[in-house]
Every structure is written in C-alpha cells, then in structure tokens.
Amino acid sequence: MDKLLRALNLDQLIHFHQIASHRSLVNAARRLSLTPPTLTHSLKRREAVLQTTLCLRSRSGFRLTAEGEALYARTRILVKELDGYLETLRRPAKFSGIVSLAVLDDFDQPALQEGLDRMVRRFPALRLNLMVTGAEETTRLVRQGEAEAGFGIFRKRSPELRYLTIGQSTLRLYISKAHPLWKKARITRNDLIGHRLTWVDTSRKSLQELEIKVFFAPPRPSLETGAYTNQLCGALMILKTGLAIVPLPHSYIKKLAFRNQVRELPIDPGFGDNREEAVFRADSYLSPPVRWLLAFLETPKMRRARTSLEAEEAM
C-alpha cells in the first residue's frame, strides 16, 4: 500500500485532473502550459501504476472509464483542499520576503507591467529584487533558482523550465535622418538592395560567432548584415548613426522622444512576431506573490490571446 501511494506522483494526478476537467488533452495541455504528448505520457504512466485504463478516446469523443470517474472524484477533493491551503498563503499580510525576478533589457510588455503594479499593491510588505539581464542570463538565473521567474523573448528552450506566453511583439524596419534613404519619398523593397541591416538579438554572441554566423555568413538576397547588437538601446544608437536599417518593436519606437527623426519603412521584414513569455521552474517553490503574478498573466483574456497565437502558428 505504501509503495503504491509513493508511486502516485502529485504532478501526474494534477495532469489527470486537468484532462478529466477539460475532457480534452489539448485544452488541458494549454491550461498547464505543457504539450499534448507530455500529458499523454503522464496519463500512460498513471495508468501503468494503477494497472487500469482511466480514459477512452475515439472519433465519437472523449470519456472517462468507471475507474477514471472514481479517481476524478477524489482529485476534485484533493485540488479543492490544495487550493484552500494556497489561498491562505496568498494573503498579503502573510508575505514579507524577497521576490527575485529577471527581466529582459528594454522588455516592454503591458500585461507584465500591470501585473507587477497589482502584485506590489496586493503584497505591500514584499521586497522586490528586479534583475535586468539578457535572455540567456535570465534562463540561467531561473534554472539555478536565483530568480523565481523570468520575462522576455527566449529563442533557446530549457527542458526543465516551463514557458507561459504572455504576449507578442511585432518587428518593423526603421531608418533615421542620417540614413541615405531618408529623403526618398517612396521606398520599396528594391530600394533596400545594397543597404545594410542591423542584427538585433536577445543574447550576446562571441567574436567567433559574429564572424561565422552574422557578418561573414552568406548574405540575404538584398541585404547584408552591417551591425549587430544584443540590446534595444544598442539598436537605437546604431539607428541614429544611419549606418544600417534597424528592426525594432513598433511599441518601443512609439515611446521615443526623438521619434520624429525616425522613419518606419512600409515593408514587411519577414521576421514574424516575437513570442513574449514568462519562464519558471515547475518543480520548485514559488512564493505567493510570484504565483499570483503568473495566475494574473494566465487570465481568460491572455489565454484567448495565446490560443489565437497558437492557431496562427499552426496554419
């Protein structure tokens, strides 16, 4: 009996509870910020431990077996009790510790800003440690437990971390008054031939990587890379020089004091949208303020936005 109880992994029980609640692997995966194959593997392991079938899927739909319904009845009680306990931890007066978060430099995300504003009001006694870093450093801080959560744009994925989409940013091409194309009334894609582009990244590259992957790599059909930076403030400095065309988030440009000296090119850069995400460890303790912040970013409005984004990516 004790051996079987030890085998009843809590994460797998929560996975099963979400599958049973949604009657859908896909919807449960979205709720848990996991992939459907991950949930399928978890469900199979749970069935193997219990030596029974919990769910049946067919073209006619999804349903629980009698054993699955019996387990679901008990996970409802378990989740309700856990939610009640966590609610006691969410009370503002109960938390006065340090909250360490890592944020990508120049990360402009309205939902995150609103969430931080509400979090510090809800937990007035907390001590906030906000670290501004690059994408790779943010990942390292979260992976090593120095930051409870990180926020930014992450090209590289870490298997032990969970990623929660909180928005997206659109890149557009810009030039400044110092650029040779500034005085041209109408700029088309053909006008870009022979001009240089700035490579804006979220991580720092070594000199060797710059030589191999950036500056001396085979050029694009119409543009060669003439500058590189791993921060938006660096991109702005390059933009002002007129050295190269610079891709920047549209929302970022709108806030600049010198935006009348910057011109947006009416050309799709073809980079697509950048997914803005929260990253955290699923297997470690999260303080009440951070749990509250992640729950705020997991509101129905944000879930609809993420569903729309995922649907666009699947097309």
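**Entry 1: helix α6**

I started in helix α6, residues 110–122, where R118 and E114 sit 4 residues apart, about one turn of the helix. Helices here are DSSP runs of H or I with at least four residues, strands are runs of E with at least two, and both are numbered from the N terminus. I was looking at a predicted model, where local features need pLDDT of at least 70, side-chain atom pairs count only at pLDDT 80 or more, and totals for chains, interfaces and linings use all residues. Residues are numbered from 1 along each chain as its sequence is written, and side-chain values use heavy atoms, with hydrogens and water left out.

What joins R118 to E114? I found a salt bridge, with the closest N and O atoms 2.8 Å apart. The term means a side-chain nitrogen of Lys or Arg within 4 Å of a carboxyl oxygen of Asp or Glu. R118 is partly exposed at 38% relative accessibility, and E114 is partly exposed at 36%. The cut-offs are under 20% relative accessible area for buried, over 50% for exposed, and partly exposed in between, with a 1.4 Å probe and protein chains only.

**Entry 2: other salt bridges**

I counted 10 salt bridges in the structure.

I went next to K156 and E136, whose side chains meet in a salt bridge at 3.2 Å, N to O. This pair links distant parts of the chain, 20 residues apart. K156 is in the loop between β5 (149–152) and β6 (161–176), while E136 is in helix α7, residues 135–143. Is K156 buried or exposed? K156 counts as exposed, because its relative accessibility is 58%. E136 is partly exposed at 40%.

R172 and E264 also meet in a salt bridge, at 3.5 Å, N to O. I noted that R172 lies in strand β6 and E264 in strand β10, residues 262–264. The two are 92 residues apart and link distant parts of the chain. Both ends are partly exposed: R172 at 29%, E264 at 33%. I also logged a network, in which salt bridges that share partners join E137, R140 and E146.

**Entry 3: T198**

I turned to T198 in strand β7, residues 196–200. T198 counts as buried because its relative accessible area is 2%. Which residues does T198 touch? Leaving out residues up to four places away in sequence, I listed A227, Y228, T229, I238, A244, I245, V246 and P247. A contact means heavy atoms within 4.5 Å.

**Entry 4: whole chain**

Of its 315 residues, 43% are buried. Among contacts with a separation of 6 or more, 73% come from residues 24 or more positions apart. The chain exposes about 18100 Å², and carbon and sulfur atoms supply 53% of that area. Accessible areas come from the Shrake-Rupley method with a 1.4 Å probe; for residues, only the protein chains shown count as cover.

**Entry 5: confidence**

I checked pLDDT, the predictor's confidence in each residue from 0 to 100. The chain averages 81, and 79% of the residues score at least 70. Where is confidence lowest? Helix α12, residues 300–314, has the lowest mean, 48, while β5 has the highest, 95. Over residues 309–315 the pLDDT is below 50, and beyond near neighbours in sequence I found 6 contacts for this stretch in the model. Where pLDDT is low, the predicted coordinates should not be read in detail.
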